[in-house]
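Here are some notes to go with the model you asked me to look over.

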Amino acid sequence: MSSAPTSTPAAVFIPDTASTRHYIGAWSVLSVLQYFVAEAAVIGGWAGPRPYDRRTGYISDLGAIHCGIYDGRDVCSPLHWLMNASFVVQGLGMLLGALLLTSGLLCVAARPGARVQPGRRKPWLAAIWVRILVGTAGAGTMIVGLVPEDLGSGWHYTGALMYFIAGALAVLVLGVLWLRQTPLGWFVLVCGLASFAALVTGGLTRMHVPEPGTLERLMGYPVTVGVAAAGLVIAQRVQQHRRAIRAAAAARA
């Protein structure tokens, strides 16, 4: 009587949390914070008839190339080139992060020695979707920078939607994935919830609210902050692991 064949257990996968690839990816994601510096500088150089107000002014107005009336708003942003360059750099950082930070690393929140459990498809699929969504959001904000709002192209609006929708979903999914893996998991999740709630509100109201600038920033800022927070977690853990490896190598020498 022959015994039934036994299936070979799936191998446990331990992501390389000390790799240069992951270190570069983490800092690429962290680079999105430059957006806030650029935005403040561009607002400081605003030359419209009225001072720019974050509560009522759209973010894209800061990247408008021409001075004049656009969609009923009097816009004039001499430093539009800086704002648009910031959009592109932000998008490149997110794209590089999506490409360089592996799904396995995201599954374990870059914890050194942590194992990706075999047979658990949900965390792996969630990590894959995070990468896809972050890459989509990055491509979207690059389009926003390359095609300013006053060029008369629908690509600008498309790029903005890509950033807001994909970015909110990416941070939301990542927050859920990291809830039990890092204290900042809660923070990332809250960023995703805030952005998604603002996105739904903007869709339902079509941005016809007393402070459209505030609403748009509630859609976008949490994505940037949430992505940067994730980059900070990964950068710190990868750096700590790299230091530990170097210390161990020095002790053996």
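**Notes on the model**

1. Let me start with C76: this residue is buried, its relative accessible area being 12% (buried means under 20%, exposed over 50% and partly exposed in between, with a 1.4 Å probe and protein chains only). Its sulfur is bonded to that of C67, with an S to S distance of 2.0 Å. The link between C67 and C76 is right-handed, with 60° about the S-S bond. The count is one disulfide, taking a pair of cysteine sulfur atoms within 2.5 Å as the rule. Two other cysteines to look at are C107, buried at 8% relative accessible area, and C191, also buried at 8%.

2. A word on the basis of these notes. This is a predicted model, in which local features need pLDDT of at least 70 and side-chain atom pairs count only at pLDDT 80 or more, while totals for chains, interfaces and linings use all residues. Residues are numbered from 1 along each chain as its sequence is written, and side-chain values use heavy atoms, with hydrogens and water left out.

3. Which residues touch the most other members of the largest nonpolar core? Of its 59 residues, they are L62, M94, L174, W178, M219, V227 and I234. Such a core is a set of buried Ala, Val, Leu, Ile, Met, Phe, Trp, Tyr and Cys residues joined through side-chain atoms within 4.5 Å. Helices 1 (20-30), 2 (34-44), 3, 4 (103-107), 5 (121-146), 6, 7 and 8 (212-252) each supply at least two residues, and helix 8 gives the most, with eleven. Helices here are DSSP runs of H or I with at least four residues, and strands are runs of E with at least two, numbered from the N terminus.

4. Apart from neighbours within four places in sequence, L62 is in contact with E39, V42, I43, W46, Y52, S77, H80, M83 and R217, where contact means heavy atoms within 4.5 Å.

5. L79 sits in the loop between strand 2 (73-75) and helix 3 (80-100). It is partly exposed, at 25% relative accessibility. Not counting residues up to four places away in sequence, L79 touches A41, V42 and G45.

6. There are six salt bridges, each a side-chain nitrogen of Lys or Arg within 4 Å of a carboxyl oxygen of Asp or Glu. One of them pairs R54 with E39, the closest N and O atoms being 3.7 Å apart. R54 lies in the loop between helix 2 and strand 1 (68-70) and E39 in helix 2, so the pair ties together parts 15 residues apart in sequence. E39 is buried at 1%, whereas R54 is partly exposed at 36%.

7. R73 and D71 also form a salt bridge, at 3.4 Å from N to O. R73 counts as buried at 19%, while D71 is exposed at 63%. Salt bridges with shared partners join D61, D71, R73 and E149 into one network.

8. Helix 6 (155-177) and helix 7 (184-205) each give two or more residues, and helix 6 has the largest share, with four. L161, in helix 6, is partly exposed at 33%.
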